[in-house]
Amino acid sequence: MAKDIRKRSVLDKAQSVKKGPKGDIVKEKADMRPFTKVNFWMMGGCVALIIIGFLLMSGGGAGNGFNPDIFSTRRIVVGPTLAFLGFLLMAFAIIWTPRKSENRDQRNIDAPHKES
(Lines give C-alpha, C1' and ligand atoms only; values in the text may rest on other atoms or scores of the structure.)
Protein backbone atom coordinates (compact mmCIF):
# COMPACT_ATOMS: atom_id res chain seq x y z
CA MET A 1 0.00 0.00 0.00
CA ALA A 2 2.84 2.37 0.86
CA LYS A 3 4.43 1.79 -2.54
CA ASP A 4 1.26 2.86 -4.34
CA ILE A 5 0.87 6.03 -2.30
CA ARG A 6 4.49 7.12 -2.61
CA LYS A 7 4.96 9.81 -5.26
CA ARG A 8 7.77 9.64 -7.73
CA SER A 9 10.33 12.41 -7.55
CA VAL A 10 11.06 14.72 -10.45
CA LEU A 11 14.34 12.91 -11.04
CA ASP A 12 12.59 9.55 -11.36
CA LYS A 13 10.13 11.01 -13.85
CA ALA A 14 12.91 12.57 -15.93
CA GLN A 15 14.84 9.34 -16.25
CA SER A 16 13.82 7.02 -19.04
CA VAL A 17 14.66 3.65 -17.55
CA LYS A 18 13.39 0.63 -19.42
CA LYS A 19 11.97 -1.96 -17.10
CA GLY A 20 11.22 -5.56 -17.83
CA PRO A 21 8.07 -7.48 -16.92
CA LYS A 22 9.34 -8.18 -13.40
CA GLY A 23 10.29 -4.55 -12.78
CA ASP A 24 14.02 -5.12 -13.26
CA ILE A 25 16.09 -2.71 -15.33
CA VAL A 26 16.71 -3.81 -18.90
CA LYS A 27 19.99 -2.76 -20.55
CA GLU A 28 19.89 -1.33 -24.04
CA LYS A 29 21.74 -3.18 -26.75
CA ALA A 30 24.96 -1.58 -27.94
CA ASP A 31 23.57 -1.00 -31.45
CA MET A 32 20.66 1.02 -30.03
CA ARG A 33 22.91 3.64 -28.39
CA PRO A 34 23.55 6.87 -30.32
CA PHE A 35 27.32 6.84 -29.70
CA THR A 36 29.84 4.03 -29.53
CA LYS A 37 33.03 3.82 -27.52
CA VAL A 38 34.95 4.94 -30.62
CA ASN A 39 32.84 8.11 -30.84
CA PHE A 40 33.72 9.03 -27.27
CA TRP A 41 37.44 8.42 -27.87
CA MET A 42 37.30 10.58 -30.99
CA MET A 43 35.46 13.36 -29.14
CA GLY A 44 38.00 13.22 -26.31
CA GLY A 45 40.84 13.58 -28.80
CA CYS A 46 39.10 16.55 -30.40
CA VAL A 47 38.67 18.25 -27.02
CA ALA A 48 42.38 17.72 -26.37
CA LEU A 49 43.20 19.21 -29.78
CA ILE A 50 41.03 22.27 -29.05
CA ILE A 51 42.68 22.77 -25.65
CA ILE A 52 46.16 22.47 -27.16
CA GLY A 53 45.21 25.03 -29.82
CA PHE A 54 44.00 27.51 -27.21
CA LEU A 55 47.09 26.97 -25.07
CA LEU A 56 49.32 27.67 -28.07
CA MET A 57 47.43 30.92 -28.69
CA SER A 58 47.84 32.06 -25.09
CA GLY A 59 50.90 33.72 -23.70
CA GLY A 60 52.19 36.76 -21.91
CA GLY A 61 50.60 40.11 -22.59
CA ALA A 62 52.28 43.14 -24.08
CA GLY A 63 53.09 44.50 -20.63
CA ASN A 64 54.31 48.09 -20.50
CA GLY A 65 55.95 48.12 -23.92
CA PHE A 66 55.52 46.54 -27.31
CA ASN A 67 56.18 42.81 -27.44
CA PRO A 68 56.71 41.43 -30.97
CA ASP A 69 56.01 37.89 -29.70
CA ILE A 70 52.26 38.52 -30.10
CA PHE A 71 52.78 38.15 -33.87
CA SER A 72 54.60 34.81 -33.66
CA THR A 73 53.62 32.01 -36.02
CA ARG A 74 52.70 29.81 -33.07
CA ARG A 75 50.05 32.29 -31.89
CA ILE A 76 48.50 33.39 -35.17
CA VAL A 77 48.82 30.26 -37.33
CA VAL A 78 49.48 27.02 -35.44
CA GLY A 79 47.18 27.58 -32.44
CA PRO A 80 44.09 28.69 -34.40
CA THR A 81 44.64 25.94 -36.97
CA LEU A 82 44.72 23.23 -34.29
CA ALA A 83 41.65 24.66 -32.55
CA PHE A 84 39.76 24.89 -35.85
CA LEU A 85 40.70 21.30 -36.75
CA GLY A 86 39.54 20.20 -33.30
CA PHE A 87 36.11 21.79 -33.83
CA LEU A 88 35.87 20.42 -37.37
CA LEU A 89 36.82 16.91 -36.33
CA MET A 90 34.41 17.11 -33.37
CA ALA A 91 31.53 17.41 -35.84
CA PHE A 92 32.89 14.38 -37.67
CA ALA A 93 33.24 12.43 -34.40
CA ILE A 94 29.59 13.15 -33.53
CA ILE A 95 28.24 12.23 -36.96
CA TRP A 96 30.40 9.14 -37.56
CA THR A 97 28.71 5.76 -37.16
CA PRO A 98 30.52 2.45 -37.50
CA ARG A 99 29.59 0.21 -40.40
CA LYS A 100 27.93 -3.04 -39.60
CA SER A 101 30.14 -5.82 -40.85
CA GLU A 102 28.25 -7.92 -43.38
CA ASN A 103 31.14 -10.35 -43.55
CA ARG A 104 30.83 -11.12 -39.85
CA ASP A 105 27.09 -11.73 -40.20
CA GLN A 106 27.67 -13.85 -43.31
CA ARG A 107 30.34 -15.95 -41.53
CA ASN A 108 27.92 -16.71 -38.72
CA ILE A 109 25.30 -17.91 -41.20
CA ASP A 110 27.69 -20.00 -43.29
CA ALA A 111 29.60 -21.49 -40.35
CA PRO A 112 29.28 -25.26 -40.20
CA HIS A 113 27.49 -26.56 -37.16
CA LYS A 114 29.06 -29.36 -35.18
CA GLU A 115 26.85 -32.32 -34.60
CA SER A 116 27.19 -34.19 -31.35
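Trainee: Which way does α3 cross α4, left-handed or right-handed?
Mentor: The crossing of α3 past α4 is left-handed. Keep in mind that this is a predicted model.

Trainee: What kinds of residues make up the contact of α3 with α4?
Mentor: That contact has 22 nonpolar residues, along with four polar and two charged ones.

Trainee: And at what angle do the two helices pack?
Mentor: Helix α3, residues 37-57, packs against helix α4, residues 73-95, at about 165°. Their axes lie 7 Å apart. Angles over 145 degrees count as roughly antiparallel, so α3 is roughly antiparallel to α4.

Trainee: Nice. Where is G59 found?
Mentor: G59 sits in the loop between α3 and α4.

Trainee: Is G59 buried or exposed?
Mentor: G59 is exposed, because its relative accessible area is 54% and the cut-off for exposed is over 50%.

Trainee: How far is G59 from D69, going by C-alpha atoms?
Mentor: Their C-alpha atoms are 8.9 Å apart, and the two residues are ten apart along the chain.

Trainee: Let's zoom out. How many helices and strands does the chain have?
Mentor: The chain has five helices and zero strands, so from the N terminus you read α-α-α-α-α.

Trainee: What share of the residues is buried?
Mentor: Of the 116 residues in the chain, 11% are buried.

Trainee: And the accessible surface, what does that come to?
Mentor: About 10600 Å² for the chain, with 63% of that belonging to carbon and sulfur atoms.

Conventions
Residues are numbered from 1 along each chain as its sequence is written. This is a predicted model: local features need pLDDT of at least 70, side-chain atom pairs count only at pLDDT 80 or more; totals for chains, interfaces and linings use all residues. Side-chain values use heavy atoms; hydrogens and water are left out. Helices (H or I, at least four residues) and strands (E, at least two) are DSSP runs, numbered from the N terminus. Buried means under 20% relative accessible area, exposed over 50%, partly exposed in between (1.4 Å probe, protein chains only). Accessible areas come from the Shrake-Rupley method with a 1.4 Å probe; for residues, only the protein chains shown count as cover. Axes are lines fitted to C-alpha atoms, for helices over the stretch in contact, and angles run from 0 to 180 degrees between N-to-C directions. Angles under 35 degrees count as roughly parallel, over 145 as roughly antiparallel, 65 to 115 as roughly perpendicular and the rest as oblique. A crossing is left-handed if the near helix is turned anticlockwise from the far one by less than a right angle, and right-handed if clockwise. Ala, Val, Leu, Ile, Met, Phe, Trp, Tyr, Cys and Pro count as nonpolar, Asp, Glu, Lys and Arg as charged, and the others, Gly among them, as polar.
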